[in-house]
Amino acid sequence: MKIFRKVVGILCLVLPLIFVGALFKGNSELRAYLPLIPPLWLAVVAMLVEKVSLRVLFICLCCVCSTLVFANYWYGKHKPEEFRTVVTGSIATDYYVPDPVRGYWSRPNVSVKAHAECGGEEVYDVTYSTDARGRRVSFPSIDAREAVIIFGDSYARGEGLNDNQTWAWLLGEASHGRYQVFNYSFHGYGPHQTLALLEHGLDEDLSKYKKLTFIYNLIGSHVRRSAGLGRWDAEGPHYVLEDGKLYRGGTFKDRTQEEFDAVDTGTSNHFLADLLRQSPLWVRVHDAYADRFGYRAKLLTSILAHSFEIIKAKWPGSRMIVVAWPGSDGLALPLTKEGVVVAKVEPWLPNYSENEYHYRYQCDRHPNPKAAALVADGLLRLLDNN
């Protein structure tokens, strides 16, 4: 009986090696079954060892490993159903243009239609207008003595909102002409585009304004964008943080596969990285760590800190504010050491945690007109209170 048990055990140990060999030869369909190998091996080893204490140890390890395999399978099968917003209209053909500094930007002096549907239902039907420099149009405060310069993403750009519904427009309008707003934010942008633009130089003469306020709109997904994990941003500026020093590394498309794998999965080994991407549980756990404490989080903070250093050097005395949406608060807090004011959005949106979709479009998740109006009001009070 012992001999039979050992023969079976040896076969069970050898067969997975053949299985792994098939993976190395490129049989990607087998990768879904790879997580079964560790608990199988541990079960076989538990069967082979004769010492009771070792057998108990391997049985316990097998149970732990089997639990992780089941959790990975369960999470992969029970992820929340995701609906994709489909946007149509002249935005698809007349809006986006290549940009040598930021990767992409908007066409100057255009008004485009954006019609969004999700699950067959309309989400919004709006118009986006740009000025002579491609910025989203803002409320005209011709005699303003102060300027507000906004950087960031689609939240600040006003995706899903008409021109006069964005919080950038409403901020200028509610100030009764005190603040002239310049909106340099854009869809899909991250802090790397802000830094690239500041290094290149703004295309606006700000010398006529007595006071300047620079605002960066921050959401949690910027930590992935600044690391180059946005599939739409291949031409975006690539920054690298090495030994505490930040430097420009070309564009994201210039990266090697090893560099991309290291940022995406934590390992530069492409075979192992490809396997890890198949595990929903690993992706979730790794992203949660990397986006809060790992390289990605440090890179984002470093890019923003360097951006504000440029602002302080070029426009001394300027106010610097980070508008932090829920989920990004922790990323922004280190910037307070640089003299940056972190303005949390959640207190401006009553009962946000209980009624998130009272302030966002269903399915699309971008802030709706109600949220934009409240953010503009909160920012105006913040600016007026200095």
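This is a predicted model: local features need pLDDT of at least 70, side-chain atom pairs count only at pLDDT 80 or more; totals for chains, interfaces and linings use all residues.
The torsion about the S-S bond of Cys118 and Cys363 is about 75°, so this disulfide is right-handed. A search of the whole structure turns up 1 disulfide. Cys118 lies in strand β4 (residues 111-118) and Cys363 in the loop between β12 and α14 (369-384), so the pair ties together parts that are 245 residues apart in sequence. Helices (H or I, at least four residues) and strands (E, at least two) are DSSP runs, numbered from the N terminus.

Residues are numbered from 1 along each chain as its sequence is written, and side-chain values use heavy atoms, with hydrogens and water left out.

Taken as a whole, the protein chain has 14 helices and 12 strands. Of its 386 residues, 48% are buried. Among contacts with a separation of 6 or more, 66% are between residues 24 or more positions apart; contact means heavy atoms within 4.5 Å.

Now for the sheet. An open sheet is formed by 5 strands in the order β7-β6-β8-β11-β12, with parallel pairing. The edges are taken by β7 (179-183) and β12 (341-344), each with a single partner strand, so one side of each is left without a neighbour in the sheet. From one strand to the next, the twist averages 25°, with axes being lines fitted to C-alpha atoms (for helices over the stretch in contact) and angles running from 0 to 180 degrees between N-to-C directions. Two strands pair if DSSP finds at least two bridges between them; the parallel strands β8 and β11 are joined by 6. One of the residues involved is Phe214, whose bridge partner in β11 is Met320.

Phe214 also turns up around Ser318. Apart from residues up to four places away in sequence, Ser318 touches Leu212, Phe214 and Ile311. Ser318 sits in the loop between α12 (295-314) and β11 (319-324) and counts as buried, at 14% relative accessibility. A polar atom of the Ser318 side chain lies 2.6 Å from the backbone oxygen of Trp315. For such polar contacts, the rule asks for a pair of N or O atoms within 3.5 Å; within protein, one must be able to donate a hydrogen and the other to accept it, and residues adjacent in sequence count only if both atoms are side-chain atoms.

Val148 is 170 residues from Ser318 in sequence, yet the two are 10.0 Å apart in space, C-alpha to C-alpha. Val148 belongs to strand β6 and is buried, at 0% relative accessibility. Leaving aside neighbours within four places in sequence, the contacts of Val148 are Leu171, Tyr179, Gln180, Val181, Phe182, Thr213, Ile215 and Leu383.

On to charges. Side chains of opposite charge can pair when their charged atoms come close. With a salt bridge taken as a side-chain nitrogen of Lys or Arg within 4 Å of a carboxyl oxygen of Asp or Glu, the count comes to 12. One of them joins Arg102 and Asp99, at 3.3 Å from N to O, and both residues are buried.

Glu204 makes a salt bridge to Arg133 at 3.2 Å, N to O. Glu204 lies in the loop between α7 (191-200) and β8 (211-218) and Arg133 in the loop between β5 (121-129) and β6 (146-151), so the pair ties together parts that are 71 residues apart in sequence. Glu204 is buried, with a relative accessible area of 18%, whereas Arg133 counts as partly exposed at 36%. Glu204 also forms a salt bridge with Arg135, where the closest N and O atoms are 3.1 Å apart. This second pair again links distant parts of the chain, with Arg135 in the loop between β5 and β6, 69 residues apart from Glu204. Arg135 is buried, as is Glu204. Both bridges belong to a network of salt bridges that links Asp131, Arg133, Arg135, Asp203 and Glu204.

Conventions. Buried means under 20% relative accessible area, exposed over 50%, partly exposed in between (1.4 Å probe, protein chains only). A disulfide is a pair of cysteine sulfur atoms within 2.5 Å.
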